[in-house]
Amino acid sequence: MPSIADRVRQIKATLPPHVELVAAAKTRSPEEVRAAIDAGVRIVGHNYVQEVQAMIGQLGANAASWAMIGHLQRNKVKTAVRLFDSIQTVDSLRLAGAIDRECEKMGRIMPILIEVNAAREPQKSGVFPEAVTSLVREIAQLGSVQIRGLMTMGPLVNDPEELRSIFRETKVLFDRVASEEIPNISMTVLSMGMSDSYAVAIEEGATMIRLGTTIFGPRT
Ligand SMILES: *Cc1c(COP(=O)(O)O)cnc(C)c1O
């Protein structure tokens, strides 16, 4: 079995230079995450505030750039902005406003991505594609968050090819928002693709992929 370090080096060797790797760390131990960081992972994604808190307690705040990739509840925002370096899952003006207010108190600017529910799945987080541009315009007026791009999860499928059209539509949307030249935003990050689907996502324009299983092995 290849080690975590072997896997990270292998993945990084095959990624195009414009694609950033996020290690999705849910359920992993600090030792496992440390191994990934030592092998070259710079961004570590967490789904829960408590998880990143524990991880930072073990590894230190400066060990990596900590990214929120799970759904963020508004009552956790105050803690989240003290722990995370970026938040990939902003899908409403209310949530963005709550992040903005806490960041303003701290005198910092939070880089955020807008989470798109590209397949319009009911009961899933993320904003529907047709609502993205107007949401971006509203959030762009807040002074203590900065939109850096879009993120999408995509539905659970058996064959990653089934996600190709979803990724393609998200890239079209990304380019459209970028072409609007909205002040105070920087459309540089398109976060899409996980272990099963990252190859397809990169072909369709991802600049950031989020890998758990491929780096750490199957979750138990
Ligand atoms: C778990 C997770 C991933 C990675 O999943 P794998 O299939 O293990 O690569 C990526 N993004 C998010 C938001 C996740 O929760």
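How many positive and how many negative side chains does the protein have, and how far apart do the centres of the two sets lie? There are 25 positive and 25 negative side chains. The two centres lie 5 Å apart. The model behind these values is predicted.

## Overall build

The protein contains nine helices and eight strands. Its radius of gyration is 17 Å, close to the 17 Å that the globule rule gives for 220 residues, so the protein is as compact as a globular protein of that length. Along the principal axes, the C-alpha trace spans about 50 × 40 × 30 Å.

Of the 220 residues, 53% are buried. The accessible surface is about 10,500 Å², and carbon and sulfur atoms account for 50% of that area. Take the contacts between residues at least 6 apart in sequence: 60% of them join residues at least 24 apart.

Helix 1 covers residues 4–14 and includes Arg-7. Arg-7 is buried but has no salt bridge. Its nearest side chain of opposite charge is Glu-32, 7.5 Å away. A salt bridge needs a side-chain nitrogen of Lys or Arg within 4 Å of a carboxyl oxygen of Asp or Glu. What does Arg-7 touch, apart from neighbours within four places in sequence? Its contacts are Met-1, Pro-2, Thr-214, Ile-215, Phe-216 and Gly-217.

Arg-9 does have a partner. Its side chain meets that of Asp-6 in a salt bridge, 3.7 Å from N to O. Asp-6 is partly exposed at 38% relative accessibility. Arg-9 is also partly exposed, at 48%.

## Salt bridges across the chain

The whole structure holds 13 salt bridges. One of them joins Arg-42 to Glu-20, with the closest N and O atoms 2.8 Å apart. This pair links distant parts of the chain, 22 residues apart. Arg-42 sits in the loop between helix 2 (30–38) and strand 2 (43–46), while Glu-20 is in strand 1 (residues 20–24). Arg-42 counts as exposed, at 54% relative accessibility. Glu-20 is partly exposed, at 30%.

Arg-164 and Glu-204 form another bridge, at 2.8 Å from N to O. Here the partners are 40 residues apart. Arg-164 belongs to helix 7 (residues 164–179), and Glu-204 to the loop between helix 8 (198–203) and strand 8 (208–211). Are these two residues buried or exposed? Both are buried. Their bridge is part of a network: salt bridges with shared partners join Glu-161, Arg-164, Arg-168, Glu-203 and Glu-204.

## Positive phi in two loops

Thr-27 is not a glycine, yet its phi is positive, near 70°. Thr-27 lies in the loop between strand 1 and helix 2. At 52% relative accessibility, Thr-27 is classed as exposed, because the cut-off is over 50%.

Glu-181 also has a positive phi without being a glycine, at about 50°. Its place is the loop between helix 7 and strand 7 (189–191). Glu-181 is exposed, with a relative accessible area of 70%.

Technical notes: Residues are numbered from 1 along each chain as its sequence is written. This is a predicted model: local features need pLDDT of at least 70, side-chain atom pairs count only at pLDDT 80 or more; totals for chains, interfaces and linings use all residues. Side-chain values use heavy atoms; hydrogens and water are left out. Helices (H or I, at least four residues) and strands (E, at least two) are DSSP runs, numbered from the N terminus. Buried means under 20% relative accessible area, exposed over 50%, partly exposed in between (1.4 Å probe, protein chains only). Lys and Arg count as positive and Asp and Glu as negative; His and the chain ends are not counted. Contact means heavy atoms within 4.5 Å. The radius of gyration is taken over C-alpha atoms; the globule rule is 2.2 Å times the number of residues to the power 0.38. Accessible areas come from the Shrake-Rupley method with a 1.4 Å probe; for residues, only the protein chains shown count as cover. The place of a charge is taken as NZ of Lys, CZ of Arg, CG of Asp or CD of Glu.
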